[in-house]
Amino acid sequence: MSTYVYAITRVSQQLPPTLEGIGEPAQPVRTVCRGRLQALVSDAPAELRPKRRDLLAHQRVVTRAGAGGPVLPMRFGGVSPDDDTVAAVLDEHEGRYLERLDALEGKDEYNVKAVHDEQVVLHAVVSSDPELAQLQEANRMAGGGTYQQRLEFGRLVARAVREREVADAARVESTLSPLAAALRHGPESEGWLANVSFLVEREHREAFLEAVRTLAREHEHLRISITGPLPAYSFADAN
């Protein structure tokens with residue numbers, strides 16, 4: 001039977017006496033130790049799918065293990081052929097894993113996403129650009145303008161909005177990065193102008209959260225969401 005891997009910690013780290021993993025019934029979590037490291041593992045279910053129950057179970061194991069110190073969390077779905085393979089990986093990468101655990105000590109991940117309030121931004125880009133404002137007024141006076149005039153106006157507005165997205169993404173990053181130990185950019189998506197994960201020292205958590213609140217308060221055209229504290233999935237570099 002293959003081995004499902006949840007996270008890696010130092011072998012000296014105190015863990016909860018029992019942990020229930022993925023599967024139905026839930027698989028008991030055990031440790032595979034090698035050198036100064038241990039991996040939290042269980043038997044892998046015959047069929048591994050990202051069901052909500054198993055996603056939550058994976059997250060619960062990582063979070064509870066992290067209560068006693070830093071962990072290198074694995075993404076959902078990490079499977080090795082057997083425990084011996086897991087032990088061999090710990091042995092091979094011990095130095096790098098220990099370095100990452102040191103880097104994550106006392107820190108949590110926060111994911112920040114930002115998107116524009118479209119109506120507010122459209123009004124702002126037109127009213128702040130004399131050329132756009134003039135074109136809009138000319139089209140209005142001409143009963144909406146020709147198809148080509150409307151097309152040109154839309155092209156210029158789209159370009160201005162994109163420039164505003166780039167500027168606001170930089171604003172989010174430059175405001176928050178001084179309060180974080182590291183950052184990682186998330187996958188690009190048309191749904192967000194910024195999708196950034198920050199590694200934040202716990203003693204700086206309130207300052208970081210206040211900076212996010214201030215950004216949202218001072219820039220009402222931005223819709224900002226924050227998720228955390230999270231296990232440092234984006235900073236583990238242990239897959």
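## Helix packing and aromatic contacts

In this predicted model, helix α6 (residues 147–176) packs against helix α7 (residues 205–218) at an angle of about 150°, and their axes lie 10 Å apart. The two helices are therefore roughly antiparallel to each other, and their crossing is right-handed. On the α6 side the contact involves R171, V172, T175 and L176, which meet F208, A211, V212 and L215 of α7. By residue class, this contact of α6 with α7 comprises 6 nonpolar, 1 polar and 1 charged.

Helix α6 also packs with helix α4 (residues 118–127): the axes of α4 and α6 come within 10 Å and cross at roughly 105°. That angle makes α4 roughly perpendicular to α6. From α4, the residues V121, L122, A124, V125 and V126 take part, while α6 contributes F153, V157, A160, V161 and R164. The residues of the contact of α4 with α6 divide into 9 nonpolar, no polar and 1 charged.

| Helix pair | Angle between axes | Axis distance |
|---|---|---|
| α6 and α7 | about 150° | 10 Å apart |
| α4 and α6 | roughly 105° | within 10 Å |

Aromatic side chains form a further topic. A search of the whole structure finds 4 aromatic pairs. One aromatic cluster is formed by Y4, Y6 and F76. A charge over a ring is also present: K113 lies over the face of W192, at 5.8 Å from the ring centre.

Terms used. Residues are numbered from 1 along each chain as its sequence is written. This is a predicted model: local features need pLDDT of at least 70, side-chain atom pairs count only at pLDDT 80 or more; totals for chains, interfaces and linings use all residues. Side-chain values use heavy atoms; hydrogens and water are left out. Rings of Phe, Tyr and Trp (its six-membered ring) pair if their centres lie within 6.5 Å; planes under 30 degrees apart count as stacked, over 60 as edge-to-face and the rest as tilted. A charge sits over a ring if NZ of Lys or CZ of Arg is within 6 Å of the ring centre and within 35 degrees of the ring normal. Axes are lines fitted to C-alpha atoms, for helices over the stretch in contact, and angles run from 0 to 180 degrees between N-to-C directions. Helices (H or I, at least four residues) and strands (E, at least two) are DSSP runs, numbered from the N terminus. Angles under 35 degrees count as roughly parallel, over 145 as roughly antiparallel, 65 to 115 as roughly perpendicular and the rest as oblique. A crossing is left-handed if the near helix is turned anticlockwise from the far one by less than a right angle, and right-handed if clockwise. Contact means heavy atoms within 4.5 Å. Ala, Val, Leu, Ile, Met, Phe, Trp, Tyr, Cys and Pro count as nonpolar, Asp, Glu, Lys and Arg as charged, and the others, Gly among them, as polar.
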